[in-house]
Amino acid sequence: MNLTAEHITMKFGKRVTALCDVSFSIPGGIFGLIGRNGAGKTTLMRIMATVCDPTNGRILADGKPVSADFPAFRKKLGYLPQNTRLMPYLSLTEFLDYSCVIKGITDPYQKKSEIARCISAVGLEHEGKKRLSKYSGGMLRRAGIAQALLSDPELLIIDEPTAGLDPEERLYFLNLLSKMGREKTVVFSTHIIRDIENLCPSIAILEKGRLIYTGDVTALLSTLSNRTFEAELSPGTEEKLKAPATITGITYVSGRPRVRYVCDEPILPGSLPVTPGLEDAYVCTLGGIRRQ
């Protein structure tokens with residue numbers, strides 16, 4: 001499914017504008033929506049999932065406004081919100097049975113088949129009878145994905161799927177998204193840049209409700225080619241750094257600050273060229289890291 005956002009604006013009251021004239025297209029596969037906390041990602045995903053209507057603008061699916069036929073669009077949609085609040089007193093099988101009814105799946109044989117397929121898809125075959133209150137955070141996210149996969153939707157919208165997960169569960173989730181992206185359009189949001197570096201060919205970057213980049217990851221990285229450097233400084237000097245460059249990262253190695261920056265030429269003593277990553281490109285697009 002191709003998804004397009006056209007001039008999306010969302011206002012809350014007279015003073016708060018959560019989104020301002022946001023437009024981009026998702027051709028299919030896996031698409032990453034990234035931005036700082038509070039950038040407007042969740043609001044945009046709620047609009048794309050038809051949970052709320054924008055103040056202005058529209059969402060199109062395969063060239064047709066979704067508002068023309070909400071029920072038809074929702075049959076093709078699977079949605080996992082950021083705050084997944086499942087029913088703790090139910091088992092996963094019972095929860096999915098309930099979700100089937102909500103999605104209009106009432107035939108007993110079809111329900112049984114769908115529930116088994118979705119549980120298998122998220123690797124919880126041996127946990128179906130366990131109460132959701134006994135699930136770990138990662139298992140609850142998987143249960144939420146299982147719910148979103150009911151009816152085999154063409155489009156999956158997943159908000160901050162890896163937030164708060166341990167490294168093993170996070171890796172499992174990213175692999176799961178990669179598999180789903182082979183057959184479906186998957187849109188997911190995150191503020192963890194390394195989650196999408198090797199996963200999403202296309203991204204959109206939001207900052208304070210405005211779209212500041214949309215397009216290929218490779219195209220964004222190419223803007224930093226031969227312009228990204230790293231230098232090790234004396235302790236304390238990084239706090240006073242006012243170089244005419246965009247600082248994309250400061251790490252500490254044995255107590256010494258190591259600075260990554262973007263500039264047309266190296267300007268710090270001992271600078272070495274480095275291969276830019278998506279985090280460099282993202283932070284550079286936002287104007288560099290926030291320093292005191």
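Q: Is the crossing of α5 and α6 left-handed or right-handed?
A: In this predicted model, the crossing of α5 and α6 is right-handed, the term meaning that the near helix is turned clockwise from the far one by less than a right angle, with anticlockwise giving left-handed. Helices here are DSSP runs of H or I with at least four residues, strands are runs of E with at least two, and both are numbered from the N terminus.

Q: And at what angle do they pack, with the axes how far apart?
A: Helix α5 (residues 137-148) and helix α6 (residues 167-180) pack at an angle of about 15°, and their axes are 10 Å apart; axes are lines fitted to C-alpha atoms, for helices over the stretch in contact, and angles run from 0 to 180 degrees between N-to-C directions. The angle makes α5 roughly parallel to α6, given that under 35 degrees counts as roughly parallel, over 145 as roughly antiparallel, 65 to 115 as roughly perpendicular and the rest as oblique.

Q: Which residues make that contact?
A: From α5 come G138, M139, R141, R142 and I145, and from α6 come E169, Y172, F173, L176 and M180, where contact means heavy atoms within 4.5 Å. These residues divide into six nonpolar, one polar and three charged; Ala, Val, Leu, Ile, Met, Phe, Trp, Tyr, Cys and Pro count as nonpolar, Asp, Glu, Lys and Arg as charged, and the others, Gly among them, as polar.

Q: Before going on, how are residues numbered, and what pLDDT do local features need?
A: Residues are numbered from 1 along each chain as its sequence is written. Local features need pLDDT of at least 70 and side-chain atom pairs count only at pLDDT 80 or more, while totals for chains, interfaces and linings use all residues, and side-chain values use heavy atoms, with hydrogens and water left out.

Q: Okay, back to α5: how does α3 cross it?
A: The axes of α3 and α5 come within 10 Å and cross at roughly 30°, and the two helices are therefore roughly parallel to each other. The crossing of α3 and α5 is right-handed. On the α3 side L92, F95, L96 and S99 meet A143, A146 and Q147 of α5, a set that divides into five nonpolar, two polar and no charged residues.

Q: Then what about α3 and α4, at what angle do they cross?
A: Helix α3 (residues 92-102) and helix α4 (residues 108-121) have axes that come within 10 Å and cross at roughly 125°, which makes α3 oblique to α4. This crossing is right-handed, and in it L92, T93, L96, D97, C100 and V101 of α3 meet K111, I115 and I119 of α4. The contact residues of α3 with α4 comprise six nonpolar, one polar and two charged.

Q: Switching to sheets, what is the order in the six-stranded one?
A: The open sheet of six strands runs β6-β7-β8-β3-β9-β10, with mixed pairing, two strands being paired if DSSP finds at least two bridges between them. Its edge strands, each pairing on one side only, are β6 (77-80) and β10 (210-216), and the twist averages 15° from one strand to the next.

Q: How do β7 and β8 run, parallel or antiparallel?
A: Strand β7 (residues 155-159) and strand β8 (residues 185-190) run parallel and are joined by five bridges, with V186 in β8 as the bridge partner of L156. Helix α5 packs on this sheet, touching β6 and β7, and its direction makes about 160° with that of β6.

Q: And the sheet of four strands, what's its order?
A: Its order is β2-β1-β4-β5, in an open sheet with antiparallel pairing, and the edge strands are β2 and β5 (64-65), each of which pairs on one side only. Seven bridges join β1 to strand β2 (residues 16-26), L3 having I26 as its bridge partner and M10 having L19. β1 and β2 form a hairpin with three residues between them, and G13 in the turn has a positive phi of about 75°. Strand β1 (residues 3-12) also pairs with strand β4 (residues 56-61) in the antiparallel sense over five bridges, where T4 stands opposite L60.

Q: Which helix lies across those strands?
A: Helix α1 (residues 41-48) lies across β1, β2 and β4, and runs at about 60° to β2.

Q: Last one: how many salt bridges does the structure hold?
A: The structure holds 15, a salt bridge being a side-chain nitrogen of Lys or Arg within 4 Å of a carboxyl oxygen of Asp or Glu. R58 forms one with E6, the closest N and O atoms being 2.8 Å apart; R58 lies in strand β4 and E6 in strand β1, so the pair ties together parts that are 52 residues apart in sequence.
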